[in-house]
Structures are given as C-alpha cells and as structure tokens.
Number of protein chains: 2
Amino acid sequence: MDPRRTVVLAAAASVLLSTHALAQTDSLPSWNDGAAKQAIVEFVRATTTQGSPQFVPPEERIATFDQDGTLWVEHPIYTQVTYCLERVPAVVKAKPELAKIEPFKTVLSGDREAIAKLPMQDLVKILAATLTGMSVDEFRAEAKKWLDSARDARWKRPYTELTYLPMLELLQYLRANGYKTYIVTGGGQDFVRMYSNDVYGIPPEQVVGTAGGTKYGYDKSGKPFLTKEPKLLLNDNEAGKPEGIHLMIGRRPHAAFGNSTGDRQMLEYTKAGDGARLAMLVLHDDAQREYAYGPAQGLPNTRVGTFTPALYDEAKKQGWLVISMKGDWKRIFAFEP
Amino acid sequence: MDPRRTVVLAAAASVLLSTHALAQTDSLPSWNDGAAKQAIVEFVRATTTQGSPQFVPPEERIATFDQDGTLWVEHPIYTQVTYCLERVPAVVKAKPELAKIEPFKTVLSGDREAIAKLPMQDLVKILAATLTGMSVDEFRAEAKKWLDSARDARWKRPYTELTYLPMLELLQYLRANGYKTYIVTGGGQDFVRMYSNDVYGIPPEQVVGTAGGTKYGYDKSGKPFLTKEPKLLLNDNEAGKPEGIHLMIGRRPHAAFGNSTGDRQMLEYTKAGDGARLAMLVLHDDAQREYAYGPAQGLPNTRVGTFTPALYDEAKKQGWLVISMKGDWKRIFAFEP
C-alpha cells in the first residue's frame, strides 16, 4: 500500500476513534457535571460491564419513565387534560343534550377559573366523554389531528416539542447500553402511544398507562373493530404503577424516573430489587426556563403531580436522587439554545 | 499474502456462504414442503423485502401465538389446570376447612372421572384458590418447583419439553426476519412468563395472557411486594384476545397462529388489517405422534379448546390456513426423531 495512503487512513482512523471516545464521554451533553449525571453514568457502568458484581444481563435491563413532568412539561395542566377539554365542543355537538349539563356547561363557558376549579369527579366525566365511546381508529384520528395542530400557550409550539432534551439524551443513552425504555404514566395509554415512538423513540408496546377496556365488535360490513369503553382497567398512578409494571412488563425495573408523589411507589418498588438500582426524581426549580413548583417554592397545589416536602424527605431517606432542572440541566428544550 | 492462504480463505468463505444459503432455505427443517410452509415463507418474503408492495417496517412486525395446542400439547388437559389441581393438597393443608368443601373435596378424592366432570364454576374456584392470594414471589417459587419436577403422563417428560419443534422453528424464523413474537394465551400470564424465555425465546414482557390484578403492599420489614388478587383484569380468550393485544401491544399483528375457537377473533382481527396478513390454525390430526381431535375425528368435547367444523369452515371462508400436524410436520417434538 502507498505509505502516504497508510498515513491518511491512520489519521482517519484516529479521528473516528476520538469521535467515538467523545461520543462515549458525551452521551449526556445537556447535563452539567454533577451528582445526578455521575450517578447515571456510574449506574450504567456498574450494570453493563461484564464481570462487574452488579452486572445485569441485557434482557433484564428495564428502565421506566413517568411522562408528565419527567419527560415533558406538565405545568400548569396535563396536556391530555387540555386535549379532553378542547374536545368537549365536538362531543357536545354530537350530543347536544350535554350542553346544559355540568361539567360540560362550565367547560363550554370558557371560564378558565371555573374550569380550573372543577372537582375530580367532574374531570373524570369529561375524560370519559372525550376518550371513550368511539372506536380505537376514530380516537387515533382525532388525537392525531389535535396533536398536529394544537399549540401550548407559553412557547407557542406543538406539545410534543415540550420534551426535556436531557431526558431524551438519557433515554437514548440507556438504550445504547442495552436498556429497554418504558413510559409508565398516569396519562392515557392510548393517547401517549400516539406519539411515543416519534417523540421518545419508545414504541407503543413499551407504553404502560392508565387504560380502559375495549370491546371487540363488528361494523355493518362485518369488519371487526375495537370500541374504547368507559371501564377502567388500570389506574396507572401511585400503587397502580408497580401493579401496571407487573401486568405489562412482568419484571422489576432496574432504573426508574419520576417527579411526583404519583411516582413514589414505582421508585420504591424499583429500589427494593437486588443489586444496583437507580431511582431519580426531577425537581421543577427553574422558574425562568420552565417552571418552579414543589417543596422549595411553596406554590399552591395544582392539578399536576407535586413534588411535596414529604417526597423530598423520602427521596433522601431511600436514596433516590433528585435532579435539579436548574442545576443539573445545561439545556432544557431542543428548540432553545 | 501467501497465495495458498488466499485459497484456504476463499474455500472457508465459500463454505460459510453456502452454510448461510442453506440456513436461509432451511429455516423450517421440521416442516414438509407444502402449502403451509410455502405460505409462511412467502409471507415473510413479501413483508420483509425492501421495495415489496407489502413491505412492513421492522417496528411494525408483530406476530402473535396462542400457546395451548398451538405451541405445546394441550390434550387431554391444559398444563396449567394440572398445576392447579396438583396444588390443591398444599392449599388445603394451609386451610384445612376447605377439605370438606366442594370442589376441593372432589379434587382431593383423586377420582379422575369426577374431577374431569367438575363444572366450569368449580374450576374457577380451584384456579382462584391456587393462583391468587399469595405474593408474586411465592407464586413464582411454587410454579418453578412444579415445572422443574412435574412429568406428563404419556411422554414422562417435563411439560416444557412438550413444545412443537416446527413452531419453535417458526418463532425463530420470524424473529430472524425482524418479527417481534408474542404469546397471546388464555392461560395465566404469570404462569406462562415463568418459562416463556427459556422455552420459546419470548421474554415475559411479550406474554399476553389471562391476568388478574395485583395489590401493592408492604411486609413487616416495610419492604414492598405485590399480592396476586382474585380480581380478573383480562380474560384473554375469544374477543379477549384482540382486546388483550390492544391493551398490551397497541398494534395489530401481521401474523397470528392459533388452534381453537378461542383464537377465532385474534385471527379475524389480524386478517382485517391492510396489506399482507397471515392467519394459521394448527389442526390436531396426528393420533399417533400426538393426538387427533377436532372436526375430522368427531372426538367428544374436552376441556381443551376445540377445532370445530364451524371453525374449519370459517378458516376456508376467511383465508386462514390450516396446518396439518400429520401432513405438514416432519417432526413434532425435539426429543423424538
């Protein structure tokens, strides 16, 4: 071989190798160096290095992520609740008798303050009316239309862009190290599955969420279809998260990420397993770049999951690590520098 | 390079290539050439060849398999029912008051004929008493002990060896072509997950089965655990199969395999999708090597799922293909020549 060519190739190989090395040390570029990033990298090293006493075989590498407030913005209101509220006019159009009945009357009034004060049982009625009673295909068509066109009030962007870049990097980093990543959300399973693959790289079958039953039936031409029923099968919140994980995955996660009291049991269940287990909580303490709510801010309780002082104390006691959005994240959104 | 070495290498490469070609044409060595094998190979070619009008992107390649009678022997009684019946003495030992109550009294009597005649509601009581009321870990320990030691009456082998070799080859062939293989069984999800990975290469998270709820709680030391509850969440039979597929996978399969009326809706739902869809039914028509029951044999109805004449007619009408164990399978079990 031409010696000059050898030199060129060696140089190219060296560039490739150092790019590779850079990629390895820099899988989490939006994370500041600190305890949170260090804990993640150390956990991955311990569980994926052959011969490590904490090595986990690839097929057992399961990591579960809450969605709202952990992977994307949940404040001031869950995105799916916004979807349901915005679906109310169409539902009332199809069933005009609802216009005079609460809570639909209040939602149609557009009175934001009154809507925000609707009690939980009214919210459940709105969710049932807007998420059930149609075929799975109809639901998908409606949800897709909304997801494509709706914009959030603060950033004027599709909701699916309000994902946290450091968490997207973390998902990718775990997958690159053989972890199967799951969403385990109190949100509706069918709703999150609409965009989970595009947005998080998580396929529908790896989304565990609050789920209602479906009913198998036939249309006029004899073609089978599934109707979304108002029957609740799985309330994937609090104790429902480990129960949902058992139902849908059948294995205990080695890593779990959440941000609110709704995630407490999932983290506890994860940490109760043998060997290295990672449990982390995202703390919303960045009022400027996102929102600040939770123990330090003394914000009033909102509809969204809260990181209470009690949860903070429990995190310390149980060895769950707190991720400070302000301190640990160099960038929050991909659309911002 | 030494020219002789080049020749050796070229010969080695040629051997490797032809082994590869052989592997490609011979992924289903236990299948006789015929319509069934041909349909499988053609389906895989059509859905995995880039540029084919019926190409399916890898992430959408889902294949679902019934278990009992499709992947392993179900006759004369489902293996899991045998497990439950054999667990009864231990359950009665822990709760002696059950000894005088039906159906436990009959089961303890050992009168096979009487046991076989127990009505469905009695069988449900036995399943509830033997599969629920304990922690998930206790259940696993008991089931493992049984699976390791129990032997079937005819072949005197562990039940997990009574799997059909041609179906194991089919699972492997589909996976080698990018298909994600699932078990969708009327059997208990937690039971099948005990051995699905070892026996079928299907991880627990890809087992959809009849599932009860679990309840999250704490032991005396404060450690969390899940208790198996008698509450039925998913009856994964008949219409429950497409409902379970929607709940657990969220995608319509491209291929589905069953053997009884309990699989009818799963096959129908699979075939109702766009593009190439494969639906197949295993016909038990080999009295010598396994069993013969179903339309041709006019056998009396048993506890196991049946391939009725009506199902046979529907298969023809709907384009589901029938796999004849006698005609299509060169070998049935790995332990037999």
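Me: Where in chain A is the place of F307(A)?
Reply: This is a predicted model, in which local features need pLDDT of at least 70, side-chain atom pairs count only at pLDDT 80 or more, and totals for chains, interfaces and linings use all residues. Residues are numbered from 1 along each chain as its sequence is written, chains are lettered from A and ligands numbered from 1 in the order in which they are written, and side-chain values use heavy atoms, with hydrogens and water left out. Helices (H or I, at least four residues) and strands (E, at least two) are DSSP runs numbered from the N terminus. On that basis F307(A) belongs to the loop between β6 (278-283) and α13 (309-318) of chain A.

Me: Is F307(A) buried or exposed?
Reply: Buried means under 20% relative accessible area, exposed over 50%, and partly exposed in between (1.4 Å probe, protein chains only). The relative accessible area of F307(A) is 2%, so the residue is buried.

Me: How many helices and strands does the secondary structure of chain A come to, and what percentage of its residues is buried?
Reply: The secondary structure of chain A comes to 14 helices and seven strands. Of the 337 residues in chain A, the buried ones make up 52%.

Me: Why is helix α11 of chain A described as largely enclosed by the rest of the structure?
Reply: Helix α11 spans residues 240-248 of chain A, and its buried residues include G240(A), H246(A) and M248(A). After α11(A) comes G250(A), with a positive phi near 80°. The helix is called largely enclosed because the buried residues number nine of the nine.

Me: How are W146(A) and F191(A) paired: stacked, edge-to-face or tilted?
Reply: Rings of Phe, Tyr and Trp (its six-membered ring) pair if their centres lie within 6.5 Å; planes under 30 degrees apart count as stacked, over 60 as edge-to-face and the rest as tilted. By this rule there are 36 aromatic pairs over all chains. In the pair of W146(A) and F191(A), the centres lie 6.4 Å apart and the planes make an angle of 50°, and the pair is tilted.

Me: Which helices does this pair link, and how many residues apart are W146(A) and F191(A)?
Reply: Both residues are buried, because W146(A) has 9% relative accessibility and F191(A) has a relative accessible area of 2%. They also belong to one aromatic cluster, whose members include W72(A), Y83(A) and F139(A). The pair links distant parts of the chain, helix α7 (residues 136-149) and helix α9 (residues 189-193) of chain A, 45 residues apart.

Me: Which residues is Q80(A) in contact with, leaving aside its neighbours within four places in sequence?
Reply: Q80(A) lies in helix α3 (residues 79-94) of chain A, and its relative accessible area of 13% makes it buried. Contact means heavy atoms within 4.5 Å. With those neighbours left aside, the contacts of Q80(A) are L131(A), G187(A), G188(A) and F191(A).

Me: What is the omega of the cis peptide bond that joins H75(A) and P76(A)?
Reply: Most residues other than glycine have a negative phi, and most peptide bonds are trans. P76(A) is in the loop between β1 (62-65) and α3 of chain A. The bond between H75(A) and P76(A) is cis, with omega about 0°.

Me: What is the phi of K156(A)?
Reply: K156(A) has its place in the loop between α7 and α8 (165-176) of chain A. The residue is exposed, because its relative accessible area is 60%. Although K156(A) is not a glycine, its phi is positive, about 55°.

Me: What rotation superposes chain A on chain B?
Reply: Copies are superposed by least squares on the C-alpha atoms of residues with pLDDT of at least 70 in both. Chain A falls on chain B with 0.0 Å of shift along the axis and an RMSD of 0.0 Å, by a rotation of 180°. That is the relation of a two-fold axis.
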